Amino acid sequence: MIVTVGDFISEVGDIGRFDNHEQLQKLSGYAIMANDSSEHTEESQISYHERQRLRYLLYKVMLFLVESNSEFHEIQKYYRM
């Protein structure tokens with residue numbers, strides 16, 4: 001887990017520079033974007049345009065939390081149903 005934290009810091013830098021979680025979401029490419037055009041409207045989806053490595057690190061952290069924390073496990077179960 002220490003390696004993951006080090007990787008996260010190297011990807012993000014000073015986390016204090018972000019005013020809110022949405023800025024970090026945008027940096028990682030997890031920001032929700034609406035798909036609107038004049039012809040049709042689709043469901044909103046994740047942009048995936050930014051840092052792939054940061055998204056992977058956040059995914060690894062969430063896997064660890066789901067496996068090691070019962071509250072996160074219950075949240076994951078709720079959203080998978």
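1. H2 and H3 are oblique to each other, because their axes cross at roughly 120° and angles under 35 degrees count as roughly parallel, over 145 as roughly antiparallel, 65 to 115 as roughly perpendicular and the rest as oblique. The two axes come within 8 Å. Axes here are lines fitted to C-alpha atoms, for helices over the stretch in contact, with angles from 0 to 180 degrees between N-to-C directions. Helices (H or I, at least four residues) and strands (E, at least two) are DSSP runs, numbered from the N terminus.

2. A note on the source. This is a predicted model: local features need pLDDT of at least 70, side-chain atom pairs count only at pLDDT 80 or more, and totals for chains, interfaces and linings use all residues. Residues are numbered from 1 along each chain as its sequence is written, and side-chain values use heavy atoms, with hydrogens and water left out.

3. Which residues join H2 to H3? From H2 come Leu24, Leu27 and Ser28; from H3, Leu54, Arg55 and Leu58. Contact means heavy atoms within 4.5 Å. The residues of this H2 contact with H3 divide into four nonpolar, one polar and one charged. For these classes, Ala, Val, Leu, Ile, Met, Phe, Trp, Tyr, Cys and Pro count as nonpolar, Asp, Glu, Lys and Arg as charged, and the others, Gly among them, as polar.

4. Leucine 24 deserves a look. It lies in helix H2. Leucine 24 is buried, with a relative accessible area of 18%. The cut-offs are under 20% relative accessible area for buried, over 50% for exposed, and partly exposed in between (1.4 Å probe, protein chains only). Neighbours within four places in sequence aside, leucine 24 touches Phe8, Val12, Ile15, Phe18 and Leu54. Valine 12 is twelve residues from leucine 24 along the chain, and their C-alpha atoms are separated by 8.2 Å.

5. The largest nonpolar core has five residues: Val12, Phe18, Leu24, Leu27 and Leu54. Such a core is a set of buried Ala, Val, Leu, Ile, Met, Phe, Trp, Tyr and Cys residues joined through side-chain atoms within 4.5 Å. In soluble globular proteins, nonpolar side chains tend to be buried together.

6. Now H3 itself, residues 52–68. Its buried residues are Leu54, Arg55, Leu57 and Val66. They pack against helix H1 (2–12), helix H2 (21–28) and H4. The length checks out: at 1.5 Å a residue, the 17 residues of H3 should span 24 Å, and the end C-alpha atoms are 25 Å apart, which agrees. The expected span is 1.5 Å times one less than the number of residues.

7. The axes of H3 and H4 (residues 70–80) come within 5 Å and cross at roughly 105°. Met62, Leu65, Val66 and Ser68 in H3 meet Ser70, Phe72, His73 and Gln76 in H4. The residues of this contact divide into four nonpolar, four polar and no charged.

8. Glutamine 76 sits in helix H4. It is partly exposed, with a relative accessible area of 27%. Glutamine 76 and leucine 63 are 13 residues apart in sequence and 9.8 Å apart in space, C-alpha to C-alpha.

9. The overall picture. The protein has four helices and two strands, running α-α-β-β-α-α from the N terminus on. Of its 81 residues, 20% count as buried. Of the contacts with a separation of 6 or more, 38% come from residues 24 or more positions apart.
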